[in-house]
Amino acid sequence: MTSPTLADLPPLREVLAEHDLLANKSFGQHFLLDLNITRKIARLSGVGEGDVVIEVGPGPGGLTRALLETGARVVAVEMDKRFIPLLEELSAAADGRLTIIQGDALKVDMAAIAGGPAHMVSNLPYNVGTPLLINWLTGPFRPLSMTLMFQKEVADRIAADVDDDAYGRLAVVSQTVCSAKVVMDLPARAFTPPPKVASAVVRLVPLEPAPDKALVAALEKVTAAAFGQRRKMLRSSLKGLGGGALCEKAGIDPDARAETIDVAGFQALARAVMG
Ligand code: SAM
């Protein structure tokens, strides 16, 4: 018997029922079962034939199918063993262009599984979305691009401008390494089961040249101190790093508060910390 192709696969709801699978809350499982939505995310990611994509948390494989339909090769990391047989069926329908890794994405060596340059496209589990993003922004593996679904509130914090309420550490670190833009909003009802909050897709593209690792490390220190006490003036919140003298060295007003300092201003402070 020949294997079905991607076009022959049954609807995702049927596949879940056939494998007797229900969402498990402890894995942050909220599925996208509408292929129109997952195809839109795949389009927004810009990936296509010849690209390698890492997907964290494929679950029932709705986004995975859409990524495979573009002609890309997908390496998917899923922690929940129950989904592996279903994903193997999907791999067979895509001429083996899907490689499945069962494990925790926080522990997997992404560079090793990608085997070369790769894009990251995922509907991330909410409980580990931010630590995963920080790993990809600051760790050794640098994706070619990232198209990632987060809780809307987290997506806004990544892409925030200095005047926005959501502006803080995550915006400064993300936007030092990448350009960051919210490209799609999704209501909770788009997911099965629906989460308590709305979601959004952020697209991040690494800036060239890549910032120095030491600068990013210094920036993490400065932003932790400054936004840890965001209502205080920088001369006071940055006391442990040099306070007023540090601000003056960086050309930043020591009486200003963290939320009024733009990304370039924080980079100047980080350079001053580096000496
Ligand atoms: N991509 C699917 C979709 O859009 O329908 C599922 C998304 S669901 C929000 C998150 C997925 O991540 C689940 O399949 C869950 O089992 C998986 N997951 C949770 N924690 C994980 C981890 N640490 N590493 C890898 N996968 C994880």
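The questions and answers below go from the whole chain to single residues.

Author: This is a predicted model, in which local features need pLDDT of at least 70 and side-chain atom pairs count only at pLDDT 80 or more, while totals for chains, interfaces and linings use all residues. Residues are numbered from 1 along each chain as its sequence is written.

Reader: How many helices and strands are there in the protein?

Author: Helices (H or I, at least four residues) and strands (E, at least two) are taken as DSSP runs and numbered from the N terminus. On that basis the protein has 12 helices and seven strands.

Reader: What radius of gyration does the protein have?

Author: The radius is taken over C-alpha atoms, and the globule rule for comparison is 2.2 Å times the number of residues to the power 0.38. For 275 residues that rule gives 19 Å, and the protein is close to this value, so it is as compact as a globular protein of that length, with a radius of gyration of 21 Å.

Reader: Which domains does the assignment give, and how far apart are the centres of domain 1 and domain 2?

Author: The bounds come from an automatic or database domain assignment, which gives domain 1 (6–206) and domain 2 (213–274). Taken over C-alpha atoms, the centres of domain 1 and domain 2 are separated by 33 Å.

Reader: Which helix gives the most to the side of domain 1 that touches domain 2?

Author: Two residues are in contact if their C-beta atoms, placed from the backbone, lie within 7 Å, and 10 residues of domain 1 are in contact with 12 residues of domain 2. On the domain 1 side, the most, six residues, comes from residues 169–177, which form helix α8.

Reader: Which residues does the UniProt annotation "binding site" cover?

Author: The annotation comes from an unreviewed UniProt entry; positions are given in the numbering used here, feature names are shortened, and annotations may be inferred rather than shown by experiment.

Reader: Is His 30 buried or exposed?

Author: His 30 is found in the loop between α1 (12–18) and α2 (35–45). A residue is buried if 20 or more other C-beta atoms, placed from the backbone, lie within 10 Å of its own, exposed if 12 or fewer, and partly exposed in between. Because His 30 has 21 C-beta neighbours inside 10 Å, it counts as buried.

Reader: What does Leu 32 touch, not counting residues up to four places away in sequence?

Author: Leu 32 has its place in the loop between α1 and α2, and with 22 C-beta neighbours inside 10 Å it counts as buried. With residues up to four places away in sequence set aside, Leu 32 touches Ile 37, Thr 38, Gly 62, Leu 63, Asn 123, Ala 190 and Phe 191.

Reader: What does Lys 232 count as?

Author: Lys 232 lies in the loop between α9 (213–228) and α10 (234–237). Its C-alpha atom is separated by 7.9 Å from that of Ala 258, 26 residues apart along the chain. Because Lys 232 has 15 C-beta neighbours inside 10 Å, it counts as partly exposed.
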